[in-house]
Amino acid sequence: MSWEALGAVGELVGVAGVILTLVYLAHQIRQNTRAIRAQTHQAITSANLGMAMGLAESEGLAGVLVRGLADFDSLDPADRLRTVGWFNSFLKFGENTHYQFLQGSLERSVWEGWMVILENWVTQPGPRKYWAERRDAFQPAFRELVDGMFSEGPKPLLGLSPENEESEV
């Protein structure tokens, strides 16, 4: 075999090695993307569960939020502060979830489920008032999203709509 023939064989082996490496890297990237999405989903779920459990375990906070959802102005200063803190945490959580979705770290189906929850909460009278006063503290893309939710009236919220503000917590 001549040197030229050996060189051609070597080039073919090199090309095959490059192709196999690229296939392997593509597979690794797909696995990494899946892992990132799973971690993001887990982190969002854990944070959401933490907020929900904190609300469920605190009868006082739950009662304050029920009143604050319907009529923010009726709250005394201490309860208003609690409500503002909770609304802010909830909306910052929503903003982060929206950001993760826009970055491709969260699947559309997860984001769409979260959107239902977000819209149900933010369209209530209390959060609407909070939003009108503090919307500039959020990213422009999230502001646009939330602003678009206000085109209709409040969405049902587990029987806690403004017409049913005497509901038990």
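Buried means under 20% relative accessible area. Q100 has a relative accessible area of 17%, so Q100 is buried. This is a predicted model. Its largest nonpolar core has 30 residues, and the structure holds eleven aromatic pairs.

**The nonpolar core**
- Six residues have the most contacts inside the largest nonpolar core: W86, F90, L91, L118, V122 and F142.
- At least two residues of this core come from each of helix 1 (3–57), helix 2 (59–70), helix 3 (77–102), helix 4 (108–122), helix 5 (125–134) and helix 6 (140–149).
- Which helix gives the most to this core? Helix 3 does, with seven residues.
- W86 is in contact with M51, L55, L61, L65 and W121, leaving aside its neighbours within four places in sequence.

- Q100 lies in helix 3.
- Which residues is Q100 in contact with, leaving aside its neighbours within four places in sequence? They are T40, I44, S105 and L106.

**Aromatic rings**
- The structure holds eleven aromatic pairs. One of them joins F90 and W114.
- The ring centres of F90 and W114 are 5.4 Å apart. Their planes are at 50°, so the pair is tilted.
- This pair links distant parts of the chain. F90 is in helix 3 and W114 is in helix 4, 24 residues apart.
- Are F90 and W114 buried or exposed? F90 counts as buried because its relative accessibility is 6%. W114 counts as buried too, at 5% relative accessibility.
- W131 and F142 form another pair, with ring centres 5.9 Å apart. Their planes are at 80°, so this pair is edge-to-face.
- The W131 and F142 pair also links distant parts of the chain. W131 is in helix 5 and F142 is in helix 6, eleven residues apart.
- Both W131 and F142 are buried.
- One aromatic cluster is formed by W86, F90, F93, W114 and W121. Among them, W86 and F90 are also listed with the most contacts inside the largest nonpolar core.

**A nonpolar patch on the surface**
- Which residues form a nonpolar patch on the surface? They are M1, W3, L6, V9 and V13.
- Together, these residues have about 650 Å² of accessible area.
- L6 is found in helix 1.
- L6 has a relative accessible area of 43%, so L6 is partly exposed.

Key: Residues are numbered from 1 along each chain as its sequence is written. This is a predicted model: local features need pLDDT of at least 70, side-chain atom pairs count only at pLDDT 80 or more; totals for chains, interfaces and linings use all residues. Side-chain values use heavy atoms; hydrogens and water are left out. A nonpolar core is a set of buried Ala, Val, Leu, Ile, Met, Phe, Trp, Tyr and Cys residues joined through side-chain atoms within 4.5 Å. Buried means under 20% relative accessible area, exposed over 50%, partly exposed in between (1.4 Å probe, protein chains only). Helices (H or I, at least four residues) and strands (E, at least two) are DSSP runs, numbered from the N terminus. Contact means heavy atoms within 4.5 Å. Patches are made of residues with over 30% relative accessible area and no salt bridge: like charges are joined within 9 Å, nonpolar side chains (Val, Leu, Ile, Met, Phe, Trp, Tyr) within 5 Å. Accessible areas come from the Shrake-Rupley method with a 1.4 Å probe; for residues, only the protein chains shown count as cover. A salt bridge is a side-chain nitrogen of Lys or Arg within 4 Å of a carboxyl oxygen of Asp or Glu. Rings of Phe, Tyr and Trp (its six-membered ring) pair if their centres lie within 6.5 Å; planes under 30 degrees apart count as stacked, over 60 as edge-to-face and the rest as tilted.
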